[in-house]
Amino acid sequence: MNEVSQSKFLSLVLRHKPEEIGLVLDQNGWASIDQLIALANACGTNLSRSQIESIVENSDKKRFAISADGTKIRANQGHSVDIALELPPRTPPERLYHGTATRFLDSIRESGLHSASRQHVHLSSDQGTAEKVGSRHGKPVVLTVESGQMARDGHLFYISENGVWLTEAVPAKYLN
Ligand code: HQG
């Protein structure tokens, strides 16, 4: 299995379906690295400590973090499982960007951005990153979010370990 497949495997079990291999995440999304390796290998996905370290280090988006004591790993964002990242609320820049596909625009204009299966709506501080996120879904389009105004109106924003801005939902009136 190459590093990309291993990284996708980590995204699956650390963000969405830990139960698929019997992995247990704690309330903050951390998994024991030893347990992860044992369970992965038991279900036929070869994974070693050094391979995990290499994925964490080389992931283009810095998707995963290893705990300070080196025993645990978690995904920095993107979860659908109900865990608390325990990020402090942060004041966002005046504008943030969300990349999506053109086919979603009508629905987004009507009901705003919702987090779909994930815990948060994901926003980028630059348009280029947002465009890449959108192109995963089809013909990309970048929406501007009036995040400064949202924050003044009481909406909370967080920034993940890897620099992705997160908020619960974006009502349509804050979108351009
Ligand atoms: C869309 C990747 C219709 C939304 C990325 C998006 C990101 C609506 C899709 C992270 C809607 C959900 C997350 C509405 C939102 N009607 N469609 N009202 N509101 N949508 O994958 O933001 O590579 O759950 O626009 O880089 O694309 O996995 O979210 O198109 O950071 O590390 O519903 O995943 O990171 O799609 O991506 P997703 P996303 P990784």
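Residues are numbered from 1 along each chain as its sequence is written, and side-chain values rest on heavy atoms, with hydrogens and water left out. Because the model is predicted, local features need pLDDT of at least 70 and side-chain atom pairs count only at pLDDT 80 or more, whereas totals for chains, interfaces and linings use all residues.

The chain is divided into domain 1 (3-75) and domain 2 (96-174), with bounds that come from an automatic or database domain assignment. The C-alpha centres of domain 1 and domain 2 lie 27 Å apart. Helices (H or I, at least four residues) and strands (E, at least two) are DSSP runs, numbered from the N terminus.

The largest nonpolar core comprises 25 residues, of which Leu10, Leu14, Leu36 and Ile73 touch the most other members; a nonpolar core is a set of buried Ala, Val, Leu, Ile, Met, Phe, Trp, Tyr and Cys residues joined through side-chain atoms within 4.5 Å, and buried means under 20% relative accessible area, exposed over 50%, and partly exposed in between (1.4 Å probe, protein chains only). Two or more residues of this core are given by each of α1, α2 (33-42), α3 and β3 (72-75). Since domain 1 (3-75) and domain 2 (96-174) both give residues to this core, it lies between them. A second, separate core of 15 residues includes Leu96, Leu105, Met150 and Phe157. Within the largest core, Leu10 touches Arg15, Leu36, Leu47, Ile55, Phe64 and Ile73 when residues up to four places away in sequence are not counted, contact being defined by heavy atoms within 4.5 Å.

The largest pocket holds about 1,300 Å³ of space. Its lining consists of 44 residues, and Arg118, His122, Val133, Arg136 and His137 are the closest to its centre. On a 1 Å grid over the protein atoms alone, a pocket is an open set of points with protein on both sides within 12 Å along at least five of seven lines, a cavity is a set of points where a 1.4 Å probe fits but cannot get out, and lining residues have an atom within 4 Å of a point. Grid points are joined across faces, edges and corners, and a volume is the space filled by probe spheres set on the points. The largest share of the pocket lining, 7 residues, comes from α1, and the elements that each supply at least two residues include α3 (49-58), β4 (96-101) and α5 (127-135). The lining residues divide into 10 nonpolar, 24 polar and 10 charged. Because both domain 1 (3-75) and domain 2 (96-174) contribute to the lining, the largest pocket lies between them.

The structure also holds 1 cavity of 30 Å³ or more, and the largest cavity has a volume of about 40 Å³. Among the residues that line this cavity are Gln77, His79, His122 and Leu166.

Leu23, in the loop between α1 and β1 (31-32), counts as buried at 5% relative accessibility, and its contacts beyond four places in sequence include Val13, Leu14, Leu36 and Leu39. Lys62, in the loop between α3 and β2 (64-66), has a positive phi of about 50° although it is not a glycine, and is partly exposed at 38% relative accessible area. Ala116, in the loop between α4 and β5, likewise has a positive phi, near 50°, and is exposed, with a relative accessible area of 63%.

Conventions
Nonpolar A, V, L, I, M, F, W, Y, C, P; charged D, E, K, R; others polar.
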